[in-house]
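Please keep the sequence and the model in view while reading.

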Amino acid sequence: MSDLLERTVDDLLRAHVPDTRDGWDQGLWGRLAKLGLISIGIDESDGGSGGTLADAATVVRVAARHAAALPLGESLIAATGFDVRSRAPADTWSLAAPVTNRPILERSGNGLVLTGRCAAVPWGSVVHHLLLLADFEEGCAIVVVNGGWALTRAATNIAGEPRDTLDFSGLTVDKADVIMGDEAGAIAVSSGALARAIQIAGALEGVMTATAGFISEREQFGQPLGRFQAVQQMMAELAEETMIARSAADSALQSFVLHDVDAGVDAIAAAKIRAGMAATVVARISHQLHGAIGFTYEHDLHHLTKRLWSWRDEYGSESYWARVLGERILKRGEKSLWSSIAG
Amino acid sequence: MNRRDMADLAGFDLAVDLPPEAVAVREDVRAFLRDELSTGSFTPRPDAWLSGHSGEFSRKLGERGWLGMTWPRQYGGHERGSLERFVVSEELLAAGAPVAAHWIADRQTGPLLLRYGSEEQRLRFLPSIATGETYFALGMSEPDSGSDLASVRTRGTRTSTGWRITGTKVWISHAHRSHYLTVLARIEPLDTGDRHAGLTQFVVDLSSPGVTVNPIALLDGERHFNEVVLDEVEVGDEEVIGQPGSGWEQVTSELAYERSGPERFLSTFLLFAAMVEVVGSSSAAEVAVGELWAELWSLRRLSLAIASALHHGKVPEVPAAMVKDLGTRFENKVINVARAVVTDPHLAPERYQRLLRESVLHAPGFTLRGGTNEILRGIVARRLGLR
């Protein structure tokens, strides 16, 4: 099933002519929605098109391979941690999980109200629904916000994807739109990181295919660049990083679905770290092998490498997740190290 | 057409879970190791499959059915799954247990004989490999033939009863404590148009007349490696593995199978663990440890996926080469990170200092043995259609 799905999405994206306005390719979203590929991973009984989270990840990953300008990682993966997406399975969703300076949810009379802003909300100016990690009383809560925010500052990451500052002040919140629990914060941040790990895996593959193709065609000194050993060694390293990042993302997705939150967080942290490391190496090598032409706006490479450079820093960079992981590992001590790896 | 995408490079599941029987055997191995450690029967060492040679320990593993695990019962095997074998291996390596004696026989020679050997050879050698009593060493490299294995000059000459072998093999781990040597020899002169033709694998009894084993000390002063001089050593036709002339295909298949196992990224695990113990809790330590953990976790997941693919009859040669390159570079990185965060090793416990020292002294070998990393990256490049 997933091979067929992969090819279907790949064929669609290969044939699609990108048309990005106001930061996103709305036409492409519509085409994917028409094929049921947006509401994938949600039961048909809930208004979705069926399939698993792994199928949703396939859509996200293949779209990233083609640098699709869409909130797919956010909608199909990041927003799935709390079973709310079935409320509007074909709509655009995002997740904002700030580590500090969060908006505040507080009681007001008989109801709940939000105050404060959140910067760098992925696709904030585009999406209909947002899962927002807010401070609430002694802890935090996930608030499902269905629009109504003010766009304080439109901004983008270096790939041109909207990363807007939204102001939620005065928005009233329904009790049914609040999700609490000690693990809500961890699930929220992890869901975003998992989405990016999957996206990075896709973009890495796009870069790998493009770069291998380029060095097979481009000739210097009477032969294709790919015949030179120095080039081969670099290309091999690029392919290795792509392989292991993909394996890590797939494994983290599996942990997210199968295991307890703790093991899932470790796995997602590891996948995000590994994917971020791979993004850095692959972007560098691909630009080096493409030479000057790959450095231009006209050439396609930057659509992918700018995403790699952006996504590695979103929903926690390598050093953020390494600190989270490292703190847990050091606290558990030497005797637990092996079992934390192998079970 | 070479699509040069992931489906091309890895047509198998990259995220696999262990089946219940593999999870179960892990507990058995851990219990065994706890017992062994409590009696002091071994000292955990880095790079244990090179540095830890113990016939007694290998026989204990044999008794418990942890050697020849996946082989058919009629050859002394236990018909268990590859993932159970994977689990047993990784537990032993992570504990720094002395597995060197049986390592080559169990992991390479056994599968080689199952794949290409005669029935007589299987019945002759496999049962006592599986009991941990018969040890094999690898006679491949020569003084003038390292990465260019096809250039070996050891010569096999036909006789009325079999073959006569003359040549010198080098870098052979534990030849001095092994019973047999698998020897790659040339039975026909090198044909520059087809360099891989005319190579044959033989089994040579190391107690045969004409065999001389000379030690080669590594820079740490230890004697693991050997030179073996073969001076007109007589072997029978029954000592040819596979067909005369099919040596190249066999040897490359043998190498491919064993490129991606846990031994490719656990050689310095004990140092990593000791670092966790002594490093304290600064944010620099947290970041360093977290990053290493992420890399190790990722390597293991990919290695596991490849083991599962092998179990399902696939031969993921290129992903296996990738794991070896990535894993052995990781093994080196553990040393660099340890040095970066444990800033005064002289104040650390003696155990940490010993593990650091042994890891440093063994490190050059990680990226050389089993195919240098540069050669392996060339294999990846070839798969991408660049060569």
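## Contacts of F168(A) and the nonpolar cores

Leaving aside neighbours within four places in sequence, F168(A) is in contact (heavy atoms within 4.5 Å) with P103(A), L114(A), G116(A), C118(A), L130(A), L132(A), V145(A) and W149(A). A nonpolar core is a set of buried Ala, Val, Leu, Ile, Met, Phe, Trp, Tyr and Cys residues joined through side-chain atoms within 4.5 Å. Buried means under 20% relative accessible area, exposed over 50%, and partly exposed in between (1.4 Å probe, protein chains only).

The largest core has 210 residues, and those with the most contacts inside it are L105(A), L114(A), F168(A), F272(B) and M275(B). Helix α5 (residues 184-217) of chain A gives the largest share of this core, 18 residues.

## Basis of the description

The model is predicted: local features need pLDDT of at least 70 and side-chain atom pairs count only at pLDDT 80 or more, while totals for chains, interfaces and linings use all residues. Residues are numbered from 1 along each chain as its sequence is written, chains are lettered from A and ligands numbered from 1 in the order in which they are written, and side-chain values use heavy atoms, with hydrogens and water left out.

## A strand and a helix of chain B

Helices (H or I, at least four residues) and strands (E, at least two) are DSSP runs, numbered from the N terminus. Strand β1 (residues 136-139) of chain B is covered on both faces: F136(B) and L138(B) are buried on one side, A137(B) and G139(B) on the other. In a regular strand the side chains alternate between the two faces of the sheet.

In helix α13 (residues 373-383) of chain B, the buried residues include N373(B), L376(B) and I379(B). The buried residues of α13(B) pack against α6 (229-258) of chain A together with α11 (317-341) of chain B.

## Salt bridges

A salt bridge is a side-chain nitrogen of Lys or Arg within 4 Å of a carboxyl oxygen of Asp or Glu; the structure holds 50 of them over all chains. One joins D167(A) and R117(A) (3.1 Å, N to O). This pair links distant parts of the chain, with D167(A) in strand β8 (residues 163-167) and R117(A) in strand β4 (residues 117-122) of chain A, 50 residues apart. D167(A) is buried, because its relative accessible area is 17%, whereas R117(A), at 47%, is partly exposed.
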